[in-house]
Amino acid sequence: MANDTSPRWDRKMQQRLARGEAAALGELYDRFASLVHGLAHRVLDDEAAADSTTREVFAYIWEHPRAFDPREGPMRAWVAALTQRTATAALRRQQRRDADPGSPEQDERFEEQVRAAAAAARADYIVTSMPSSLRAALELAYFERHDYRQAARTLGVTEDEARRRLRLGLQLLSSAMPRPAVAPPGTGHRP
C-alpha cells in the first residue's frame, strides 16, 4: 500500500520531529503532502484553501510533534484526522465569514454540507489506504461496471475471492458514512 509506515517508522519520525530535525519534516511532507492536500481539497473544494490547510497541518505537526501518540494508531491515520479537523474548521470559518447571520435553515444546510464533506474525505482516505487488492476489485466494479465474475477473471482470482474482496471493500467504505440517529421506539419521529 502506498505511503504505509511501520509503527517503528512512526515512533522514529515523532522523535526526530521532537528534536527539531527539519529533514524529518521534509520527509514527512514528501510522504503525506498529497494525502493532506487531497483530503483538504475534498472538504473545502478550493485549491487555495487546500494549500493553506496543507501548510497549517504541517505547521501544527512541526510545532506539536508530541500530539501524535503511536499507541493510538499509525501516523498516517493521525495526519488524516488532523487534516479533516483542520479543513472542517476552515470551512466553518469561511461559512461564518461569507454568510449573513444564519437562519436555522441556513445553519442546517451548512452543517449538512460539512457532514457530507467530512464523509467524502473519510471515504477518500479509506479508499487510498485500503489494500490494493480490495481497491482494484472496487475500481473494477464501480468504474468498469464489472460484476464479481468479471472482476474475478480480470484479477485472476476465484469468484469467491472476488466476492470477498468486494464485500470487504464495501464494508470499509460504509464505515465512512455517519450513522443516522434513531429515535427510541414509540416516539414516532427521528431526532
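1. What share of the contacts with a separation of 6 or more comes from residues 24 or more positions apart? In this predicted model the figure is 60%, where a contact means heavy atoms within 4.5 Å. Some ground rules before going on: residues are numbered from 1 along each chain as its sequence is written, and side-chain values use heavy atoms, with hydrogens and water left out. Local features need pLDDT of at least 70 and side-chain atom pairs count only at pLDDT 80 or more, while totals for chains, interfaces and linings use all residues.

2. The layout is quick to describe: eight helices and zero strands, read along the sequence as α-α-α-α-α-α-α-α. Helices (H or I, at least four residues) and strands (E, at least two) are DSSP runs, numbered from the N terminus. Of the 191 residues, 35% are buried. Buried here is under 20% relative accessible area, exposed is over 50% and partly exposed is in between (1.4 Å probe, protein chains only).

3. Now for confidence. pLDDT is the predictor's confidence in each residue, from 0 to 100; its mean over the protein is 84, and 88% of the residues reach 70 or more.

4. Take some care with two stretches. Residues 181-185 stay under 50 in pLDDT, and the model gives them six contacts beyond four places in sequence. Residues 187-191 are also below 50, with seven contacts in the model beyond near neighbours in sequence. Where pLDDT is low, the predicted coordinates should not be read in detail.

5. On to the inside. The largest nonpolar core has 31 residues, and L28, F32, I61 and M75 touch the most other members. A nonpolar core is a set of buried Ala, Val, Leu, Ile, Met, Phe, Trp, Tyr and Cys residues joined through side-chain atoms within 4.5 Å. Helix 1 (7-18), helix 2 (22-44), helix 3 (47-63), helix 4 (75-98) and helix 5 (104-129) each supply at least two residues, and helix 2 gives the most, ten. Another core lies apart from this one; it has eight residues, including A123, M130, A137 and L138.

6. Helix 6 (132-143) and helix 8 (159-174) are the elements that give two or more residues to its lining, and helix 6 has the largest share, six. The lining is V127, R135, L138, E139, A141, Y142, F143, L166, L170 and L173: eight nonpolar, no polar and two charged. Ala, Val, Leu, Ile, Met, Phe, Trp, Tyr, Cys and Pro count as nonpolar, Asp, Glu, Lys and Arg as charged, and the others, Gly among them, as polar.

7. How was that pocket defined? On a 1 Å grid over the protein atoms alone, a pocket is an open set of points where a 1.4 Å probe fits, with protein on both sides within 12 Å along at least five of seven lines; lining residues have an atom within 4 Å of a point.

8. Most residues other than glycine have a negative phi. D45, in the loop between helix 2 and helix 3, has a phi near 55 degrees and is exposed at 62% relative accessibility. R145, in the loop between helix 6 and helix 7 (148-155), has a phi of about 60 degrees and is exposed at 67%.
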